[in-house]
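These are my notebook entries on a single chain. I set down what I looked up, entry by entry.

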Amino acid sequence: SDVYKRQEYMGLLALYSDQSKVVQLSSSDFQMRVIASKEIWFVKFYVPWCVFCQNLAPDWDKTADALEGIINLGAIDVEAEKSIGARYNVQGFPTLYLFIGDKTCLLYTSDAADDLLCVD
């Protein structure tokens, strides 16, 4: 649908509208909102031009709605926020991480990770 087409946001292409429950993260708030949080975060690392990332956007929105108050869903544009992408060695798009307290779990990368990988 037209809602999920790329939107211009502050000069950048954004996949999520202001009405979305998906939290658009940046390098300036990632540490405070996700890493230092006691809440569970499911974060999609993406680039706006990636067709797979665009195709995932409607389902990411629906999941954020369904899990509101249980798990936070976030998205971070690693083209705009290169330091975060480098920190988590993001090389394929989308890449999905689950952050639970002091654990970071790589759940999916388009580079074909077959196993769940969690690190403390």
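**Entry 1**

I began with lysine 21, which counts as partly exposed because its relative accessibility is 37%. Throughout I take buried as under 20% relative accessible area, exposed as over 50% and partly exposed as in between, with a 1.4 Å probe and protein chains only. The model is a predicted one, in which local features need pLDDT of at least 70 and side-chain atom pairs count only at pLDDT 80 or more, while totals for chains, interfaces and linings use all residues. Residues are numbered from 1 along each chain as its sequence is written, and side-chain values use heavy atoms, with hydrogens and water left out.

I then looked up the salt bridges, each defined as a side-chain nitrogen of Lys or Arg within 4 Å of a carboxyl oxygen of Asp or Glu. Side chains of opposite charge can pair when their charged atoms come close. Searching the whole structure gives 3 salt bridges.

In one of them, the side chains of lysine 21 and aspartate 65 meet at 3.9 Å, N to O. This pair links distant parts of the chain: lysine 21 sits in the loop between strand E2 (12-14) and strand E3 (23-24), and aspartate 65 in helix H2, 44 residues apart. I use DSSP runs for these elements, numbered from the N terminus: helices are H or I with at least four residues, and strands are E with at least two. Aspartate 65 counts as partly exposed, because its relative accessibility is 44%.

Lysine 21 also forms a salt bridge with glutamate 68, at 4.0 Å, N to O. Glutamate 68 lies in the loop between H2 and E5 and lysine 21 in the loop between E2 and E3, so this pair ties together parts that are 47 residues apart in sequence.

**Entry 2. Aspartate 29 and arginine 33**

I found a further salt bridge between the side chains of aspartate 29 and arginine 33, at 3.5 Å, N to O. Aspartate 29 counts as buried, because its relative accessibility is 16%. Arginine 33 is partly exposed, with a relative accessible area of 34%. Shared partners among the salt bridges join Lys21, Asp65 and Glu68 into one network.

**Entry 3. Helix H2**

Does the length of helix H2 agree or disagree with what its 16 residues should span? The expected span is 1.5 Å times one less than the number of residues. For residues 51-66 this should be 22 Å, and the end C-alpha atoms are 24 Å apart, which agrees.

I also noted a kink of about 35 degrees at alanine 57 in H2, shortly before proline 58. The bend at a residue is the angle between axes fitted to the seven residues ending there and the seven starting there.

The buried residues of H2 are Cys53, Gln54, Ala57, Pro58, Trp60, Asp61 and Ala64. An α-helix has 3.6 residues a turn, so residues three or four places apart point the same way. The buried residues of H2 pack against strand E4 (40-46), strand E5 (72-77) and strand E6 (95-100).

**Entry 4. Strand E4 and its neighbours**

I next turned to E4, which is mostly covered, with 6 of its 7 residues buried. I count two strands as paired if DSSP finds at least two bridges between them. E4 and E6 run antiparallel and are joined by 6 bridges; phenylalanine 45 stands opposite threonine 95 in E6. E4 pairs with E5 in the parallel sense, over 6 bridges, and the bridge partner of tryptophan 41 in E5 is asparagine 72.

I recorded E4, H2 and E5 as a right-handed β-α-β unit. Right-handed here means that, with the strands pointing away from the viewer, the path from the first strand over the helix to the second runs clockwise.

**Entry 5. Isoleucine 84**

Isoleucine 84 lies in helix H3 (residues 82-87) and is buried, with a relative accessible area of 5%. Which residues does isoleucine 84 contact, leaving aside its neighbours within four places in sequence? I found Ser27, Phe30, Phe45 and Ile76, taking contact as heavy atoms within 4.5 Å.

**Entry 6. The whole chain**

Last, I looked up the overall make-up. The protein has 3 helices and 8 strands, in the order β-β-β-α-β-α-β-α-β-β-β along the sequence. Of its 120 residues, 42% are buried.
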